Amino acid sequence: MNELLRVDDLHVRYGPVTAVDGVSLEITPGEVLALVGESGCGKSSTARAIVGMDKPAEGTVLFRGSDVPKLDLRTRRPDFTAMQMVFQDPNSSLNPRKRVGDQIADGIRAAKARGLKSNSPQEWLEAVGLDADMVGRYPHQFSGGQRQRIAIARALAAKPDLIVADEPISALDASSQASVAAMMRQLCLDAGAGMLFISHDLSVVRLMADRLMVMYRGKVVESGSTSLIWNDPVHPYTRALLSAIPHPDGKGVLPEAPAAEAPDEWASHIDEALNRVPVSKEAASE
Amino acid sequence: MSAVLSITDLSIEFGPKGSGRTVVDSVSLDLTAGRIQGLAGESGSGKTVTAMAVLGLLPDSAKVTGSIRLGDTELLGMPTRQLRSIRGMRVAMVFQDPSASLHPQITVGSQLTDHVRHHLKLKRREAKERAVELLARVRVPNPEEALSRYPHQFSGGQRQRIAIAMALACDPEVLLADEPTTALDVTVQAGILHLLRDLVAERDLAVLLVTHDLGVMSAVADDMAVMRHGRIVETGTREKLFRDPEHPYTRELLEAMPDAQESEVL
């Protein structure tokens, strides 16, 4: 069994609301899967259920073949520290009263507990593009973008097999989003880990994800190869999403606006839109 | 064409005298009727503070120098009482978060009619007609019925449309729009950008559009200014700045856009 993560028919409910309505996915080592969609589509709820922050109402989440236990106040079992998270707001993952070097060292300890070697805090800071001699500083001494790099370093220091990143770049200034996303991909590949990257921004994601899943109202409406979906979307919702992106080309072209708010066809199920693979590659792998 | 609103040599300093921090440094900008002037920059560049200064919405501790002229009227240093007759009437503002401009416990109808009755001295019935007209103009579905609903009963995009309707209620000459689509989903944003463009053309509005999003800028701005550390580093028409940016910082911003990176990382 090659896959790191296998999610089958996941449902997440909050009271009467079904946030995630039958999502299945798998991630293999060295692969970046992006989950994209607009607010309320269920992408973050999917991530929360995968890491154990929310309990699935139905369906299973298997990490390396075992059920992911619900996160609580107790320390996570060492084998599950091989799954690490990065969130949108680095302030929610960093301890404001602890030096950043010590926080990265926590990650290193998690790696050691699983019998793995990790680099020093200094080396991790350098890996994410910061100066090694910043280890003695506190989070408030960094800008928002630098703090997010530290949160990424802390997650990587635990030598994860899988990183689940929920909108890790959307709080950053536009000019650093693409470069941080590319950095995350590279560090992930270098470590041979897999990554689930959640974002509302297709234009950034298409530069760094091997596969895409587009979610709408709790369901995956289109999935498969990133370049196939970006260049030739099949599902009407994906088409609307892509044509609504304004391109910074200076041409003064208004992006296409949907004719109606949330038309019914956006929720339609289209078999051909799912699990799309490039024809040549498919033939080659057979 | 002459400027509707002229900002000249505007500087803004926060904090105690002497040790203050200059957040806006000698900024000059002209807004022209029927055109959208974009103001781009990253967080902390001073673009929002510049827009706020126009309406005198800065805290008292801010030290503001320079000139902001609306037609023949100097707005800087104008007493608050007088400024109130300009806010909403001649210069209106739309913010990133529409909830900031809408009262959560008052129906959309009351908010719109109070507003036009107060400023334009309309009778109740006239005010209601005008409110329906405005909501229809910004394409809120079933405007009559929408009047009796509360802001939370609308989607984020509809709320921003209502906030725009309120801003336009008194036929202002100038609209200041601070990241008006940043909190919206991209499919909703597209609709708001269309609306903005249409309104500028039909009402001859002069717009200051503050945004960090160069995609949005490219879609609707006629002219552009790029701000960094409180200073405008480059100005020009949209075509000029995107095609042939002169300042290294403008170039850096454009090159960082995912669109510029056609050679995919993969």
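Student: In this predicted model, which residue in S10(B) is the bridge partner of Val226(B)?
Tutor: S9(B) and S10(B) pair in the antiparallel sense, and six bridges hold the pairing. One of the positions in S10(B) faces Val226(B) as its bridge partner. That residue is Glu234(B).

Student: In what order do the six strands of the open sheet in chain B stand?
Tutor: The pairing in this sheet is mixed, and the twist averages 15° from one strand to the next. Strand S6 (91-94) and S10 of chain B each have a single partner strand, so one side of each is left without a neighbour in the sheet.

Student: Why do the buried residues of H10(B) line one face of the helix?
Tutor: Thr250(B), Leu253(B) and Leu254(B) are the buried residues in question. On the other side of the helix, Pro248(B), Glu252(B) and Glu255(B) are exposed. Seen down the axis of H10(B), the buried residues line one face because they fall within an arc of 95°.

Student: Which helix of chain A is included in what covers the buried residues of H10(B)?
Tutor: From chain B, the cover includes H8, strand S9 (223-228), strand S10 (231-237) and H9. Chain A also takes part, through residues 174-190. That helix is H6 of chain A.

Student: Which element gives the most to the side of chain B that touches chain A?
Tutor: The contact takes 37 residues from chain B and 32 residues from chain A. On the chain B side, the elements giving two or more residues are helix H7 (186-203), helix H8 (214-220), helix H9 (238-243) and helix H10 (248-255). The residues of that side divide into 16 nonpolar, 11 polar and 10 charged. With eight residues, the element that gives the most is H7(B).

Student: Which strands stand at the edges of the four-strand open sheet in chain A?
Tutor: The order is S2-S1-S4-S5 and the pairing is antiparallel. Each edge strand has a single partner strand, so one side of each is left without a neighbour in the sheet. The edge strands are S2 (17-27) and S5 (66-67) of chain A.

Student: Is Phe142(A) buried or partly exposed?
Tutor: Phe142(A) is found in the loop between helix H4 (121-127) and helix H5 (144-157) of chain A. Leaving aside neighbours within four places in sequence, Phe142(A) is in contact with Arg137(A), Arg147(A) and Ile150(A). A buried residue needs 20 or more other C-beta atoms within 10 Å. Phe142(A) has 18, so the class is partly exposed.

Student: How far apart do the end C-alpha atoms of residues 5-242 of chain A lie?
Tutor: An unreviewed UniProt entry annotates this span as "domain: ABC transporter". The span is 34% helix and 26% strand. Its end C-alpha atoms are separated by 28 Å.

Technical notes. Residues numbered from 1 in each chain as written. Chains lettered and ligands numbered in written order. Predicted model: local features only at pLDDT ≥ 70, side-chain atom pairs only at ≥ 80, totals over all residues. Contact = placed C-beta atoms within 7 Å. Nonpolar A, V, L, I, M, F, W, Y, C, P; charged D, E, K, R; others polar. Pairing = 2+ DSSP bridges. UniProt positions renumbered as here; feature names shortened; annotations may be inferred. Buried ≥ 20, exposed ≤ 12 C-beta atoms within 10 Å, placed from the backbone. Arc of directions from axis to C-beta. Axes fitted to C-alpha atoms, helices over the stretch in contact; angles between N-to-C directions.
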